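Please read them with the structure open.

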Amino acid sequence: MSTPAVDPATTAAWGRLAELASAYEPDLRSTLTPDWVAQQSLTAADLHVDLSKNLFDTDVEAALLALADEVDVTGRRDTMLAGSHVNVTEDRAVLHTALRLPSDASLEVDGEDVVADVHEVLERVYAFADRVRSGEWTGVTGKRIETVVNIGIGGSDLGPVMAYEALEPYRQDGLSCRFISNIDPTDAAQKLSGIDPETTLFIVSSKTFGTLETLTNARLCKAWLLDRLPAGTDADAAVAQHFVAVSTALDKVADFGIDTDNAFGFWDWVGGRYSLDSAIGLSLVVAIGPERFAEMLSGFHAMDEHFRTAPPAANVPLRMGLLNVWYVNFLGAHTHAVLPYSQLLHRFPAYLQQLTMESNGKGVRFDGEAVDYDTGEVFWGEPGTNGQHAFYQLIHQGTRLVPADFIAFARPAYALSDGDTDVHELFLANFFAQTKALAFGKTAEEVRAEGVAEDLVSARTFPGNRPTTSIMAPALTPSVLGQLVALYEHITFVEGAVWGIDSFDQWGVELGKQLAQELGPAVSGDAGVLARQDPSTRALIGYYQENRG
Ligand code: F6P
């Protein structure tokens, strides 16, 4: 904490951006020229990223790049990549990028060659996944595993489930995964419904192995398993064959009763929301196989290399992160929509919510000083075209500025026709149409020219100048998924670096956890603990007690 963070609001570039914002009048209809589109269409690995429909000009671009320079974003990037303890409030290195370094790379951190450690665990993960996939690893009654249940929450759930859904076409037949995260017992009840305990493998995924939800669900699943296996089955043997764990706390894994031979470790320099590439991805490796998982890792690495080496003006995560800063701090945006035109990415916005909001929802800089500018955005979204029929109205005609990322793939996962039409082409036509409608809108004159009655003209006018970024790739392969996730990891990093915050801690989730532990007895009827609560909490618990039946 000793190095003071730069207050970005004191830089010359920040002042220049404020000046530019006050005079800025977007007019995409005139500024979106072929030259501008060519200039603002960037490539990062397999991703084609069109920034041209954003609200900025060359002066804004130059000032944003100057801001990045003044706060030394690239210096901070290099410091992170080298393994310095940039997570200052937890005194930890931040090295999710090391999880996808090739095996011949080397990186020494705190006296350890982390690349060797990473690949040693990866090999164990791959070997275990192969045993499950081939049927060599069986349940205690000798039956082949058909269902893998990942028990985890936050980063120990959202990444694996998002990628499992995204890579559905790559899954092995006859093997499926389910994900239990919520401590609401409904989640476990629903996910355990209809599966056969003899063919089910549980993966308890928890970085700390101390998370209430995960440990409760793990105990619940253990009881469910032992209750349902054939009478006389040895309990220890059953747990050994049906439970494995992923954690940085292998001692706690052993305390839980899981053999540490069946546990896969990772390191404190992997943040929970950055852990998909670690052993936390075990359920995904079982589903898609080591080869595809390795392709995903190389996609991540390709984006890391782009972020590390591309010059600032062509550096996609840098440019996108800086545009987000422009929208948040100078144009007043509070939210950011992510709209994948891919049903397979239906959990991608939920995944990004943890990545971006747990990282950048901070009110103090990394040296502890309070910020006096906004940080973070509310990330949200749904796959197109469902969103079009739900919330796009507000983006098109509402009073709020909602920058939106549109994501689409040239080749469909499933090529289907309704007899006459290639449905993927129709889907893509919607993708192209939406970004066009948002950019150019429809003027009152254009509405009138369609013969609309005068009293309806204003309601049917579209203001346009709604900013979008279009991200396209040839297809949603494992590598492209890795590139996309790494892109957003680095966008998040860039924003956090500009704001001078620690994007890698998450102290904001602790208070609620602590209070839940304290309130537990009151909920279960301890009158003394109940009496010590505030009047609202006391009344709510009272309501529960009267109505619990
Ligand atoms: O509550 C926040 C958090 O710490 C996340 O950062 C993390 O991904 C999640 O909980 C789960 O933690 P763990 O993997 O240690 O169970």
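1. The second largest cavity has a volume of about 50 Å³. A cavity is a set of points on a 1 Å grid over the protein atoms alone where a 1.4 Å probe fits but cannot get out. Grid points are joined across faces, edges and corners, and a volume is the space filled by probe spheres set on the points. L99, V118, V121, L122, V125, W267, D277, S278 and A279 line this second largest cavity; lining residues have an atom within 4 Å of a point. Seven of these are nonpolar, one is polar and one is charged. Ala, Val, Leu, Ile, Met, Phe, Trp, Tyr, Cys and Pro count as nonpolar, Asp, Glu, Lys and Arg as charged, and the others, Gly among them, as polar.

2. This is a predicted model: local features need pLDDT of at least 70, side-chain atom pairs count only at pLDDT 80 or more, and totals for chains, interfaces and linings use all residues. Residues are numbered from 1 along each chain as its sequence is written, and side-chain values use heavy atoms, with hydrogens and water left out.

3. The whole structure holds four cavities of 30 Å³ or more. Helix α14 (316-330) gives the largest share, four residues. Helices (H or I, at least four residues) and strands (E, at least two) are DSSP runs, numbered from the N terminus.

4. Which residues lie nearest the centre of the largest pocket? They are T211, Q506, V509, E510 and K513, out of 39 lining residues. α20 supplies the largest share of that lining, four residues. The pocket holds about 1000 Å³ of space. A pocket is an open set with protein on both sides within 12 Å along at least five of seven lines. Its lining has twelve nonpolar, 18 polar and nine charged residues.

5. The second largest pocket holds about 580 Å³. Its lining has 14 nonpolar residues, seven polar and one charged. Helix α17 (residues 423-440) gives five residues, the largest share.

6. Now the sheet. Six strands form an open, mixed sheet in the order β1-β2-β13-β12-β10-β11. Two strands pair if DSSP finds at least two bridges between them. The edge strands, β1 (41-44) and β11 (378-380), each pair on one side only. Strands β10 (residues 335-341) and β12 (residues 404-409) pair in the parallel sense over five bridges.
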